[in-house]
Amino acid sequence: MAGKRSIRPGLTLLLVIALLIPQLLISPRQVDASSDKIDPALQAKMAADPDKKLPIIVEMVPSMAPFAAGANEQRAQAALDLLVKLKKDGRPIGALPLINGAAGFANAKGINALSRSSSVAFIHEDSTIQPRGDNDDPNVTRPPGLLSAPYPRVVRADKVWLEGPTGKNITVAVLDSGIAPHDDLTLPTNRLVAAVNFAGDRGGVPDRGGHGTHIAGVIAGNGTRSDLSKRQAQPVWSGDADQVEYVGIAPGANVVDVRVLNQQGFGRVSSVVRGIEWVLAHRAQYNIRIINLSFGAPARRSYRLDPLTAAIEIAWKRGVVVVVAAGNGGPNEGSVETPGIDPFAITAGATDDHGTLPVTDDELAWFSAWGTPPDESRSKPDIIAPGRRIVSLRVPGSYLDTLFPDRVVVAKSGADYFRLTGTSMSTAIVSGVVALMLEHRPALSPDQVKAILIGTTQVYGQDSQSPPTNPAAGGAGLVDAYAAVNSPPLGVANQGLRPADGLARALYPILYGQPLSWNDPNLAGIAWDNLAWDNLAWDNLAWDNLAWDNLAWDNLAWDNLAWDNLAWDNLAWDNLAWDSFGTLD
């Protein structure tokens, strides 16, 4: 064409080479233009040992409209494919469609390569989690005359049983080290209704650790082995110490065993996310209404950036109550662990009931974590429950049984039980109370359950010589099962909360098209009321400004998200290098 000059092919090639030379001189480890997409804790470990393959979770950006069926599974598979392509610099483990991601291992070169992909939203450290116990003092013995296991009566669960509710037909998913088929769960009928394994322990032993069985007993043990009437056909639900000595809070409830911890009590966030996926895929089949998470990890950053809190919030929005441990890092402020930092979940702290029935001498346990998490205005825990020297089910020969032989407790019937201390046990007590509530009023939503729990607590510690240094450390107060079960609805909790980033990304395909409502119509100089889904930047600014409470959560097309099309017994999860867990990362 007239007036234009053509460039010779040879000159074009020289120009391209000249442009590429500076990049070719930079090694992959030096190229880190996307470090804002890498967990800071992960970056520190990359710098310390660039060649070491670190456990990671790769979270993808949402798919764009129009959305295919199972869009979240496609994003998870894409994340897994990226890990496969790393070859010697990484190793895939398994897909996590709940949060549009996948778990695997990668070295610094591989992580940096992943961060430069425009389809990757964030690369998380696949952190280590562990149970929140044991903080018992073996040198302190129970004085004569004190109750053997007062905690059901301290929280007034025994008064609920006399009115009928025992948690019947309500199922609690216990994500832990496994659940052994103890008589207190399987007689006279088997209430251990399902089991699945996302931890590294195989070989047919249900609970090598012993922690999960103890937790299940606190929630739903019926006292069969401690029944002085020699395992009569119907256990004595009243919890009379002269008959059934050791009984849990909801002795008629069902439990499902979702193993996410190994025998030493260590696990990965990815296994917990996978376990929550399993719960959501099977919740209707087993009527799973509650998830119990009696473990945690140090909270190094905001709940908004945490893949585990995102998974919890998705479960919460699907109608499953999630009860989590505050942690055992007290008495100092700021010690609440993840996922206890999540504002949606019910976070449980611990009291010491001193082995007595009156709550007037109860104290906040010295180890109970508390504080206001980053990016949150509401303190944790939400509620407290007995957590010291809690007697429940024993697994002979398990890791805890071997580690703490002095914690074995012999019932009057001659049966062996086990004693543990920690917010793990408090969490299980609260889960049991929720089971009683849901049997009595099955239509309660998680937000209604939480509102009732925190609105019906007991005052405690009037005669205590050691009042808490800060009233916030005890949350709303000591849980009261009888008041909670008999309370009318008290509104809904969790209003005005901003969800985790992972929830916002994962639910984009089913939120797309919903009416938009904004907290500030002029935030950052943007005319938000003029925005529609097709011109909305789905990012942190939008998530901060969106009036989440105004979304029609009950009308979302949840079925468009698929969480159950992957093989649940995925042997790849055995490759998580469980034997490498020694101490908290």
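In what order do the 4 strands of the open sheet stand? The order is 2-3-1-4, and the pairing is antiparallel. Helices and strands here are DSSP runs, numbered from the N terminus, with at least four residues (H or I) for a helix and at least two (E) for a strand. Two strands pair if DSSP finds at least two bridges between them.

Before we walk on, a word about what you are looking at. This is a predicted model, in which local features need pLDDT of at least 70, side-chain atom pairs count only at pLDDT 80 or more, and totals for chains, interfaces and linings use all residues. Residues are numbered from 1 along each chain as its sequence is written, and side-chain values use heavy atoms, with hydrogens and water left out.

The mean pLDDT of the protein is 85, and 83% of its residues reach 70 or more. Residues 1–33 are a stretch to treat with care, as pLDDT stays under 50 there. For these residues the model has 13 contacts beyond four places in sequence, where contact means heavy atoms within 4.5 Å. Over residues 138–147 the pLDDT is also below 50, and this stretch has 15 contacts in the model beyond near neighbours in sequence.

Now back to the sheet with the order 2-3-1-4. Strand 2 (90–96) and strand 4 (120–125) stand at its edges; each has a single partner strand, so one side of each is left without a neighbour in the sheet. On average, neighbouring strands of this sheet are turned by 25 degrees against each other, direction ignored. For such angles, axes are lines fitted to C-alpha atoms (for helices, over the stretch in contact), and angles run from 0 to 180 degrees between N-to-C directions. Further in, strand 1 (residues 54–60) and strand 3 (residues 101–106) pair in the antiparallel sense over 6 bridges. You can find I57 opposite A103 of strand 3. Helix 3 (residues 71–85) lies across strand 1, strand 2, strand 3 and strand 4, and runs at about 15 degrees to strand 3.

Next, let us visit a single residue. V258 sits in strand 8 (residues 254–259). Is V258 buried or exposed? V258 counts as buried because its relative accessibility is 0%; the cut-offs are under 20% relative accessible area for buried, over 50% for exposed, and partly exposed in between (1.4 Å probe, protein chains only). Leaving out residues up to four places away in sequence, V258 touches V174, L175, D176, V196, F198, G275, W278 and V279. V258 and A199 are 59 residues apart in sequence, with 9.1 Å between their C-alpha atoms in space.

Strand 16 and strand 18 (residues 416–420) run antiparallel and are joined by 3 bridges. I390 has L420 as its bridge partner in strand 18, and S392 has F418. Strand 17 and strand 18 also pair in the antiparallel sense over 3 bridges, and here V410 is partnered with D416. These two strands form a hairpin with 5 residues between them, and G414 in the turn has a positive phi of about 95 degrees. Strand 18 is mostly covered, with 4 of its 5 residues buried.

The axes of helix 8 and helix 12 come within 8 Å and cross at roughly 40 degrees. These two helices are therefore oblique to each other: angles under 35 degrees count as roughly parallel, over 145 as roughly antiparallel, 65 to 115 as roughly perpendicular and the rest as oblique. Residues making the contact include I215 and I219 of helix 8 and A428 and I429 of helix 12. Helix 12 (residues 423–440) also meets helix 13 (residues 446–455), with axes that come within 11 Å and cross at roughly 115 degrees. Helix 12 and helix 13 are therefore roughly perpendicular to each other. Their contact is made by V430, V433, V434, M437 and L438 of helix 12 and V449, I452 and L453 of helix 13.

Definitions and conventions
pLDDT = per-residue confidence, 0-100.
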